[in-house]
Amino acid sequence: MLKTAVIHPTIMEALARSGHFSQVVIADGNLPVGAMNGPNSTTVHLNFRPGLLDALTVLEGILAVCPIQGAIVMEKPPEANAEIHNAYKDLLGDVSWEEMERWAFYDKIRDPATVLIIQTGEQRRFANLILTVGVVKMAEESNF
């Protein structure tokens, strides 16, 4: 029996086979994930009903078991609200942050580096998030 923050077997398997610079996508409930699969990606559907599970809960779980060095979100139109981006930044802390044009963002999801797409029940718009896996640093390597 697992005692980690994440116990979903498919998610754990995909994270275990990922490596430095692999990509993990946390998708909102509106992303057409069937059209986003890349050659190396596994899709997990956690969207049981609208709002369950939400993207922030999934991000917290991923951060508990996997080092993240970067994040990419879709650029929003000026009139749109994307407060969830601030919540992501708060949880992610000191990682590289990028906003990407919509169609380039979709292409990035389809990239061979994407190992996992987790579709959530998140209903907020512009909540899709691409995470770049980092490295596990040893205690004596804290200065790089």
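**Entry 1: the aromatic pair**

Helices here are DSSP runs of H or I with at least four residues, numbered from the N terminus. I noted before starting that the model is predicted.

I searched the whole structure for aromatic pairs and found one. Trp103 and Tyr106 form this pair, with 5.4 Å from centre to centre and 80° between the planes. Planes over 60 degrees apart count as edge-to-face, and that is how the Trp103–Tyr106 pair is classed. Where do the two residues sit relative to one another in helix α4? Trp103 and Tyr106 are three residues apart in α4 (residues 102–109), so about one helical turn separates them.

I then looked up exposure for both partners. Trp103 is exposed at 54% relative accessible area, whereas Tyr106 is buried at 10%.

**Entry 2: the nonpolar core**

Next I went to the largest nonpolar core, which has 28 residues. Which of its residues touch the most other members? My list reads Ile11, Ile62, Tyr88, Leu92, Leu116, Leu129 and Leu131. Two or more residues of this core come from each of α1, β1, α2 (55–65), β3 (68–74), α3 (83–92), β5 (114–119) and β6 (129–133). Helix α2 gives the most, with five residues.

There is another core apart from this one; it has 16 residues, including Val25, Leu31, Ala82 and Ile130.

Leaving out residues up to four places away in sequence, Ile62 touches Val6, Ile11, Leu15, Ile68, Ile118 and Leu131.

I wanted to know how enclosed β6 is. Five of its five residues are buried, so β6 is largely enclosed by the rest of the structure. Leu129, Leu131 and Val133 point one way from the strand, while Ile130 and Thr132 point the other way.

Which way does β6 run against β1, parallel or antiparallel? The two are antiparallel and are joined by four bridges. Val24 stands opposite Leu131 of β6. Strand β3 is also antiparallel to β6, with five bridges between them. There, Val73 has Leu129 as its bridge partner in β6.

**Entry 3: β3 to β4**

I followed β3 to its pairing with β4 (residues 96–100). These strands run parallel and are joined by five bridges. Met74 has Met100 of β4 as its bridge partner. With α3 included, β3, α3 and β4 make a β-α-β unit, and I noted its hand as right-handed.

I stopped at Pro77, in the loop between β3 and α3. Pro77 is partly exposed, at 31% relative accessibility. From Pro77 I also checked the way to Trp103: the residues are 26 apart along the chain, and their C-alpha atoms are separated by 13 Å.

Ser18 lies in the loop between α1 (9–16) and β1 (23–27). Is Ser18 buried or exposed? The cut-off for buried is under 20% relative accessible area, and Ser18, at 16%, counts as buried. Its side chain reaches the backbone oxygen of Leu15 at 2.6 Å. Leaving aside neighbours within four places in sequence, Ser18 is in contact with Val115 and Val133.

Asn30 lies in the loop between β1 and β2 (42–45). Asn30 is exposed, with a relative accessible area of 53%. With neighbours within four places set aside, the contacts of Asn30 are Gln119 and Gln123. I also looked up Asn30 and Glu13, which are 17 residues apart along the chain; 25 Å separates their C-alpha atoms.

What kind of peptide bond joins Leu52 and Leu53? I found a cis bond there, with omega about -25°. Leu53 lies in the loop between β2 and α2.

Two entries with positive phi also went into my notes. Phe21, in the loop between α1 and β1, has a phi near 80°. Phe126, in the loop between β5 and β6, has a phi of about 60°.

Definitions and conventions
Residues are numbered from 1 along each chain as its sequence is written. This is a predicted model: local features need pLDDT of at least 70, side-chain atom pairs count only at pLDDT 80 or more; totals for chains, interfaces and linings use all residues. Side-chain values use heavy atoms; hydrogens and water are left out. Rings of Phe, Tyr and Trp (its six-membered ring) pair if their centres lie within 6.5 Å; planes under 30 degrees apart count as stacked, over 60 as edge-to-face and the rest as tilted. Buried means under 20% relative accessible area, exposed over 50%, partly exposed in between (1.4 Å probe, protein chains only). A polar contact is a pair of N or O atoms within 3.5 Å; within protein, one must be able to donate a hydrogen and the other to accept it, and residues adjacent in sequence count only if both atoms are side-chain atoms. Contact means heavy atoms within 4.5 Å. A nonpolar core is a set of buried Ala, Val, Leu, Ile, Met, Phe, Trp, Tyr and Cys residues joined through side-chain atoms within 4.5 Å. Two strands pair if DSSP finds at least two bridges between them. A crossover is right-handed if, with the strands pointing away from the viewer, the path from the first strand over the helix to the second runs clockwise.
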